[in-house]
Amino acid sequence: MGRIWAVARNTFVSAVRMKTAIVFMAMLLILLPILSLTSTGDGTAIGRVQSFVSYGLGLVSFLLSMLTIVVACYTLSSDVKHKRVYSVVTKPIRRFEFVIGKALGVILLDLLLLAVFSGVIYGLTIQMPRFAKTSDEELVRLKNEFFTARASLKRTIDEQALEKQTDDVYKELVRTGQLDESRSRESVMAELRNAAKYNMYAAGPGGTVLWEFKKVRPFDANESLFIRFKFNAAQTPADKSLYGVWYVGDYRQIQGGPETMKTPIYQIPRKDVVGTMREFEVPADAVAADGYLAVGFYNEPMNGTTVIFPIEDGFEVLYKAGGFGGNFISAVLIMFARLVFLACLGVSLSTWVGFPVAILCSLTIFFTGVINGFVVQSFDYLGQNLTIFYSVTIKPLIWLLPKFDQNYNVNKYLIDARMIRFGFLMLAAGVLLLKSLILLLIGFFIFAKRELAKVVI
Amino acid sequence: MVSEKSQFAVETFGLTKIFGDWWGRSRVVAVEDLNLKVNRNEVFGLLGPNGSGKTTVIKMLLGLLHPTKGRALVLGGVSRDPKITAKIGFLPEESYLYPYLNARETLDFYGRLFGLNSKVRASRIDALLDMVGLAGMASRPIGTFSKGMARRIGLAQALINDPELLILDEPTSGLDPIGTKQIKDLIVELAKRGKTVLLCSHLLADAEEVCDRMAIMYGGHIQRLGSVDELLKQTNKRQITTGVLTEDTLQKIRSIVEKHGSEFEVSEPMQRLESYFIEVVRQAHKEKRPTSGAVNRLEATQADATAAVSDVLDRLVSAKVETQKQTEIKKAVETIAIEPDKSVLTKLTQSGDENLTTPVSKIDKPVPDTQKSENIKKNILDELVGRQGLAEDEKNG
């Protein structure tokens, strides 16, 4: 361990004294405060902090990724190129220890820089509402919609149950001979599936749409639940508004009678415009002790039309599940895992290729990671015809590619004040660390086998 | 791998290295079927012109290159084994150091690689910096060092673990004469303390002074191998050194020698440039002239210098001097100072500058012109390729 540490320290010290690291640091230290003053977003207080956090973290993440790639690709390959390895690997250090030391040195540098700059961003974000005049109303909104970490509840469809249900219906149709002979099973099933889903999200006049959630854990019962919804009407009424009553609470209690009521059931009559996202607040004590929560929407018969909630974004319950600080740390940890991956990637590549090739590969992989969803989709599409060949060759390689986009874009969570769940954090960081380990193992293998001296005659 | 203590510090078995191009074509044989045995506690010189395979051998010994065939044992084991590397000190052909670290940090880094604890590291680093004359520059980044100063740090790092086997690749390249002298003194001192030194060089004068045995390589093969005395002794010549003699006495001696049918030549022995240079610098040092370069320990006499190296080594090296070896090496060092006749310089200047040598009489039979110029050409060539022909010359008389 002492030897690994010696190499890591050496790498860290060299990297800090390299002018590139200083330039990156200076750039960030100048840019971040300027950004905090110039970020305006949509002009509101919340818009300002949102755009600052988004650009600030984006900038730090990008610049540190670049720095990591440069340093990681440089440190080992330059030791080989400038023959400094000669007097290192001939000392009692195993070659894999040397490789670990190199990666660890770069990771230490990342840890330090990320800690400093995320600290700067955090401090500036907290202070930003004080830079400009902010009304009390805006402060409340900031508190509820930005400086918090909200968990989101959405209906998860049990695909297996749905499949069984549609299959039963299909069999029933076949038995009763109601099917058109010319239609394939697939097309009938697809239609039935869609109809079943639609039924879960729609209610005719006097009907109800019900959402049930388990394991809801609000941060504090005195906080609020935020119900965000958007609905459409089968026939849009003249004033484009629909009447309805929302019931929020543990509806299982109703069967037991009023004396068994432990948690309140809130009843909220509302009139809302169709097709727009609306949000209202309910006290969080509606959640039952076992974490059960039901939300029902009663479609007033006077509407005279069917109400439909879009499947994707029609309904969501948000509630405070943690603080901004904790969420911020989670986001930074995912960013750190990303940098660890890039450090291992650079070091692993430079165990067998020189600096220019290593940096080119690293950059390509980094930018592929940024558009990972697109790449995976296109390969999946192109690979359909290759089946076995595809699944044993390209697929594992694509799996090795990092994912920095979509769900893994941590900025989105902070801007929307969405809770980064511990499980997600572990998964995102764990997968990246696993990939890093695989890359390092490849690096160990190559570095242990290769001839470190150049062929000179 | 091999647990019992091998009698050889370095042993190779049919060691072969063939370099191919990317496709494995146009193969170049760098080292072929090399069976080298370096005894423990000897200073062994691996000599040869550029591209003769010396460095390739060293790189294979240290595991930096994989042999195509054969194998090498170092201190009875494979050099990839940390137990073995812990006992080796290696100075590569150039000092490849971390430019952003300062001298002390550099040595500290290498000390850590040997797992030395901080107390041991600190004391050894002080002693080493002192020895290589860089104590005053310990906190300057290596990147700002001149080649020779970097070389000194390179030497210091090779000694930080008190190695049993010291592998030095061109140890004196880039060093000033004083540094060169110190390294040679150091090698001699280390040998006295039971260390093995494998020296790889094409600076023949340096090797000649310190080596017990040497091998001359050419084309990946060992051409000659033996002790310095065996290889260099001129059995058909004798040299007499005296004080200043009158012309009369010289005539007498000449007549005696000629009576015995032998050649006779008188010259005033020149002081070697090395000792002259050291004398000048020593003088300046005594007058305390300022310098930004390495500060050498310049003792008043050679004996003092040896004693100084010995002092530092007492702090660095576990083993103490084995006395019986001392005289042998001293002898080798001394003889070189008065050995002018076969030197390339003399030959090259014979036809021109008569001041250097003073041929006394007709005995200086001129060789036929063609042969002479051929000789000169050959010697220039030897000079250019690193004097590899020396051994052949010796053999041919």
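How many residues does the contact take from chain A, and how many from chain B? It takes 25 residues from chain A and 28 residues from chain B. Keep in mind that this is a predicted model.

**Where chain A touches chain B**

- Sort the chain A side by residue type and you get 12 nonpolar, six polar and seven charged residues.

**The largest nonpolar core**

- Nonpolar side chains tend to be buried together in soluble globular proteins.
- In this model, the largest nonpolar core has 183 residues.
- Residues from chain A and chain B show up among those with the most contacts inside this core: they are A:Ala103, A:Ala343, B:Leu128, B:Ile187, B:Val197, B:Leu198 and B:Leu199.
- Helix 3 (residues 45-81) of chain A gives the most to this core, with 17 residues.
- Take B:Leu198 and leave aside its neighbours within four places in sequence: B:Leu198 is then in contact with B:Val10, B:Val38, B:Phe44, B:Leu46, B:Leu165 and B:Ile167.

**A three-stranded sheet in chain A**

- Chain A has an open sheet made of three strands, in the order 2-10-5, and the pairing is antiparallel.
- Strand 2 (202-203) and strand 5 (232-233) of chain A are the edge strands, and each pairs on one side only.
- Strand 2 and strand 10 (residues 307-308) of chain A run antiparallel and are joined by two bridges.
- To see a bridge up close, look at A:Ala202: its bridge partner in strand 10 of chain A is A:Ile308.

**Two residues with a positive phi**

- A:Lys83 isn't a glycine, yet its phi is positive, near 60 degrees.
- You'll find A:Lys83 in the loop between helix 3 and helix 4 of chain A.
- Is A:Lys83 exposed or partly exposed? A:Lys83 counts as partly exposed because it has 18 C-beta neighbours inside 10 Å, and a residue needs 20 or more to be buried.
- Over in chain B, B:Asn41 has a positive phi of about 60 degrees, although it is not a glycine.
- B:Asn41 sits in the loop between strand 3 (37-39) and strand 4 (43-47) of chain B.
- B:Asn41 has 19 C-beta neighbours inside 10 Å, so it counts as partly exposed.

How values were computed: Residues are numbered from 1 along each chain as its sequence is written. Chains are lettered from A and ligands numbered from 1 in the order in which they are written. This is a predicted model: local features need pLDDT of at least 70, side-chain atom pairs count only at pLDDT 80 or more; totals for chains, interfaces and linings use all residues. Two residues are in contact if their C-beta atoms, placed from the backbone, lie within 7 Å. Ala, Val, Leu, Ile, Met, Phe, Trp, Tyr, Cys and Pro count as nonpolar, Asp, Glu, Lys and Arg as charged, and the others, Gly among them, as polar. A nonpolar core is a set of buried Ala, Val, Leu, Ile, Met, Phe, Trp, Tyr and Cys residues joined through C-beta atoms within 7 Å. A residue is buried if 20 or more other C-beta atoms lie within 10 Å of its own, exposed if 12 or fewer, and partly exposed in between; C-beta atoms are placed from the backbone. Helices (H or I, at least four residues) and strands (E, at least two) are DSSP runs, numbered from the N terminus. Two strands pair if DSSP finds at least two bridges between them.
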